[in-house]
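Reader: I'd like to walk through this one with you, starting from how the elements are named. Can we take it step by step?

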Amino acid sequence: MAEAAVDGGTRRVLVAADKFKGSLTAVEVAERVAAGLRRVVPDVRVEALPVADGGDGTVAAAVAAGFERREIRVAGPLGAEVPAAFALRDGTAIVEMAEASGLQRLPAGVFAPLTASTYGSGELLRAALDAGARTIVFGVGGSATTDGGAGMLSALGARFLDGEGEPVPPGGGGLAEVASADLSGLDPRLSAVDLVLASDVDNPLTGPKGAAAVYGPQKGASPDDVETLDAALAHFAQVLEEAVGPRAAECAGAPGAGAAGGIGYGALLLGARFRPGIEVMLDVLGFAPALERAELVITGEGSLDAQTPHGKAPAGVAAAARAAGKEVVAVCGRLALAPQTLGRVGIRRAYPLTEEEPDVATCIAEAGPILERVAERIARDFLV
């Protein structure tokens with residue numbers, strides 16, 4: 001996908017953008033931007049490095065960067081088998097929990113805030129271990145679940161039993177019934193692997209900023225469901241503290257514990273170290289050498305909004321590019337940030353599709369051709 005830099009007057013551009021959710025994958029964004037740039041500057045050298053922040057699209061970004069795609073069948077959030085993939089290269093696996101336990105794995109219009117399980121995410125981690133991974137980047141986000149990672153831990157050998165010694169039901173609602181926890185059966189290979197929890201959120205497990213309160217409503221949780229889930233997660237953490245000691249309480253309050261319905265908590269219990277997802281992915285994808293070859297960096301995502309400065313992919317790309325003294329512009333479907341906020345992030349200018357086509361529905365349906373026209377404007381503004 002990448003083209004080598006050349007000497008002389010040829011301009012060199014790095015396209016490091018995330019997906020436009022619901023319209024274009026990160027790979028398609030790069031392809032459309034490159035096509036638009038070349039219409040104005042035919043000899044421009046474009047290097048494409050699709051990026052992701054750990055959420056859905058992370059495996060696709062890794063595969064685009066040269067990782068091998070491995071597909072298996074795992075339990076989806078409701079228990080039925082679904083196809084799910086991880087990426088592997090040189091002993092490093094990229095595992096995306098949304099592949100197994102994401103909202104996209106639910107039937108259209110169906111939510112299961114109390115019963116959706118992360119069991120399939122644990123199966124993906126186990127498959128990465130089976131494949132010989134020594135480092136596992138565990139990207140979390142876009143989940144359908146709020147089970148504190150209990151399903152994932154169960155798939156890896158943990159046992160959570162009710163007062164009668166029976167396994168508790170799947171999902172966050174079932175955590176209220178946990179009477180005992182036994183982690184002694186966890187896959188021993190986990191102790192020898194470098195597990196990295198990659199997330200763009202740093203919420204704790206419970207409380208007003210916890211997994212249920214902040215993200216439960218996005219997964220169909222009613223106010224009563226949120227209360228039920230938060231109490232169940234707190235109970236789960238208390239039982240785990242009795243089982244494994246004060247480390248369980250420390251993990252519950254740690255940054256990232258509340259990520260993806262609390263699967264971050266489960267990962268931290270496994271010894272994962274938390275890092276902002278985009279930072280991890282830029283390292284893994286080889287962003288630094290690609291950045292060195294570029295004069296202009298084009299980043300972006302579907303919506304540049306209040307969440308963008310807080311760990312989203314464009315902010316991570318812009319921060320790294322600014323540190324290297326490179327100019328950054330962004331493409332997006334929708335722009336909801338003031339110019340001064342963009343400047344603080346490190347983005348000189350943003351180009352929303354809505355400037356080309358004010359109708360949002362048309363922007364979504366025809367994002368590719370509109371993005372090419374936006375890229376032509378960038379070429380005229382920065383490359384000519």
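This is a predicted model: local features need pLDDT of at least 70, side-chain atom pairs count only at pLDDT 80 or more; totals for chains, interfaces and linings use all residues.

Reader: Good. Which strand holds Arg-69?

Author: The run to look at covers residues 68–75. Arg-69 falls inside that run, and the strand is E3.

Reader: And how exposed is Arg-69?

Author: Buried means under 20% relative accessible area and exposed means over 50%, with partly exposed in between. Arg-69 counts as partly exposed, because its relative accessible area is 44%.

Reader: Which residues does Arg-69 touch, leaving aside its neighbours within four places in sequence?

Author: Contact here means heavy atoms within 4.5 Å. With those sequence neighbours set aside, the partners of Arg-69 are Val-59, Val-63, Ala-85 and Phe-86.

Reader: How far apart in space are Arg-69 and Thr-206?

Author: In sequence, 137 residues separate Arg-69 from Thr-206. In space, going C-alpha to C-alpha, the distance is 35 Å.

Reader: Let's zoom out. How many helices and strands does the protein chain have, and how compact is it?

Author: The count is 16 helices and 13 strands. For 384 residues the globule rule gives 21 Å, and the chain's radius of gyration is close to that, so the chain is as compact as a globular protein of that length. The radius of gyration itself is 21 Å.

Reader: What share of the residues is buried, and what share of the contacts links residues 24 or more positions apart?

Author: Of the 384 residues, 55% count as buried. Taking contacts in the chain with a separation of 6 or more, the share from residues 24 or more positions apart is 72%.

Reader: Now helix H10: is it mostly covered or mostly open, and which residues are buried?

Author: H10 spans residues 277–285 and is mostly covered, with seven of its nine residues buried. Those buried residues are Gly-277, Ile-278, Val-280, Met-281, Leu-282, Val-284 and Leu-285.

Notes. Residues are numbered from 1 along each chain as its sequence is written. Side-chain values use heavy atoms; hydrogens and water are left out. Helices (H or I, at least four residues) and strands (E, at least two) are DSSP runs, numbered from the N terminus. The radius of gyration is taken over C-alpha atoms; the globule rule is 2.2 Å times the number of residues to the power 0.38. Buried means under 20% relative accessible area, exposed over 50%, partly exposed in between (1.4 Å probe, protein chains only).
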